[in-house]
Amino acid sequence: MADIQKQLNAFTEIAQNPAKQLDKYVDAGKRVIGVAPYYTPEELVDAAGAVPFGVWGMQGPADEARQYFAPFYCSICQMSLEMGLNHTLDKLSGLMCSALCDTLKGFTQNWKAGNGERIPLIFVSQPQNRFSPAGLKYTVDSYKEVKEKVQECCGAIIDDDALFDSIRLYNKWRKAMRKFISLAGQRPTVVSVPQRSDVIEASYFMPKAEHLAMLKDLNEALEAVDPDMGDFSPVVLSGIYENIPDILRMLQENRISVVADDLAKESRTFAMEVSEEGDPITALAAGFCGMGNDSILYDPKKNHIHHVVDLAKENGAKGVIILLAQFCDPEEFDAPFITSACEDAGIPCVTIGIDQSTETYEQARTQFESFKDLLK
Ligand code: SF4
């Protein structure tokens with residue numbers, strides 16, 4: 001058990017020190033490319049020999065970004081722009097970003113205006129209509145342009161063999177992440193909620209090959225420990241992200257175990273499957289087009305709603321917590337439907353607003369405490 005805690009500490013050290021990680025790779029002569037939300041073909045960066053580096057905002061107040069965004073834009077976009085404007089990200093050789101929601105569309109343009117000369121934008125255009133051959137073709141054409149831009153930013157040529165190596169690596173990594181989510185959720189007495197989050201967060205600040213090596217060892221060690229829920233209540237988290245220190249602490253204090261999640265920064269990302277055959281760009285495009293169960297992606301039948309209820313049922317969750325990112329239109333649209341579907345299924349559900357610029361979460365504390373009583 002002491003060995004597992006040592007392994008978890010290694011993930012925490014990385015997750016809590018992104019600037020140190022960035023310096024490490026730049027000092028080693030690597031190009032580092034920022035990767036902002038959502039579902040961008042990060043494998044291209046890996047295949048170019050560069051390091052993909054997650055840019056999902058940070059905790060704190062938006063200051064300079066307020067010159068570009070009104071306060072009613074989500075904090076991921078505000079704080080990611082802030083990090084560019086305040087020079088936190090100056091060592092990046094580019095920033096890859098999609099425009100899957102309206103706020104991201106504005107973000108990409110604001111990024112170009114405020115940071116584009118120092119940190120070029122690698123714009124990833126993806127269609128909302130992913131199911132038709134035209135949607136796939138659009139994505140393939142777009143990813144070809146993205147490949148050119150990644151090559152330019154990384155000063156490297158991406159060949160098909162290298163890209164397939166990266167695709168295989170990412171498939172293995174996503175599979176290992178899915179396994180970790182399940183192992184950790186069933187062992188809350190060993191892996192705390194903040195530690196679970198750190199294991200995931202660390203993957204955003206290091207090459208996937210390095211993260212996968214650490215993760216495989218951790219999964220192996222966790223598998224050797226019998227599942228034990230102790231006095232923890234199993235829940236499903238839904239939303240975009242959960243790594244707000246106060247929120248993680250409150251989940252842990254209320255003895256909540258995350259047995260599964262529907263978070264864009266976590267399991268929605270690990271759900272993608274990419275073919276390891278044929279043309280690699282087409283495989284990446286088809287991987288994106290095959291995604292679903294997501295508030296951010298066009299979902300005419302609202303399968304996302306039922307997916308959250310199914311996740312809870314399949315994993316024996318006693319409740320669902322929606323962590324609603326403030327000013328996030330796609331999530332605000334789905335949240336009431338998820339609440340209603342959970343009610344119909346007899347699953348307690350609570351919605352807790354989160355934001356990277358919020359200073360106190362006292363109201364959330366009361367919500368967690370009341371919700372915990374419903375889980376008994
Ligand atoms: S999906 Fe929501 S949280 Fe994510 S960038 Fe768009 S508005 Fe912001």
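This is a predicted model: local features need pLDDT of at least 70, side-chain atom pairs count only at pLDDT 80 or more; totals for chains, interfaces and linings use all residues.
How many of the 10 residues of helix α12 are buried? α12 spans residues 280–289 and is mostly covered, with 8 of its 10 residues buried. Those buried residues are Pro280, Ile281, Ala283, Leu284, Ala285, Gly287, Phe288 and Cys289. Their packing partners are α3 (43–47), α6 (133–154) and α7 (160–185).

Strands of a sheet pair through backbone hydrogen bonds, either parallel or antiparallel. Here 4 strands make an open sheet with parallel pairing, in the order β2-β1-β3-β4. At the edges lie β2 (51–54) and β4 (121–124), each of which pairs on one side only. On average, neighbouring strands are turned by 25 degrees against each other, direction ignored. Within the sheet, β1 (residues 32–35) runs parallel to β3 (residues 94–98), and 3 bridges join the two. Isoleucine 33 stands opposite glycine 94 of β3. α6 packs on this sheet and touches β1, β3 and β4, its direction making about 165 degrees with that of β4. Another helix, α5, lies across β3 and β4 and runs at about 160 degrees to β3.

α5 also leads us to the ligand. In total, 14 residues surround the ligand, and the closest are Cys74, Cys101, Thr103, Ala325 and Cys328. Two or more residues of this shell come from each of α4 (75–85), α5 (102–115) and α14 (329–344). The largest share, 3 residues, belongs to α14. Sorted by class, the shell holds 11 nonpolar, 1 polar and 2 charged residues.

How values were computed
Residues are numbered from 1 along each chain as its sequence is written. A residue is buried if 20 or more other C-beta atoms lie within 10 Å of its own, exposed if 12 or fewer, and partly exposed in between; C-beta atoms are placed from the backbone. Two residues are in contact if their C-beta atoms, placed from the backbone, lie within 7 Å. A residue is near a molecule or strand if its C-beta atom, placed from the backbone, lies within 6 Å of it. Ala, Val, Leu, Ile, Met, Phe, Trp, Tyr, Cys and Pro count as nonpolar, Asp, Glu, Lys and Arg as charged, and the others, Gly among them, as polar. Two strands pair if DSSP finds at least two bridges between them. Axes are lines fitted to C-alpha atoms, for helices over the stretch in contact, and angles run from 0 to 180 degrees between N-to-C directions.
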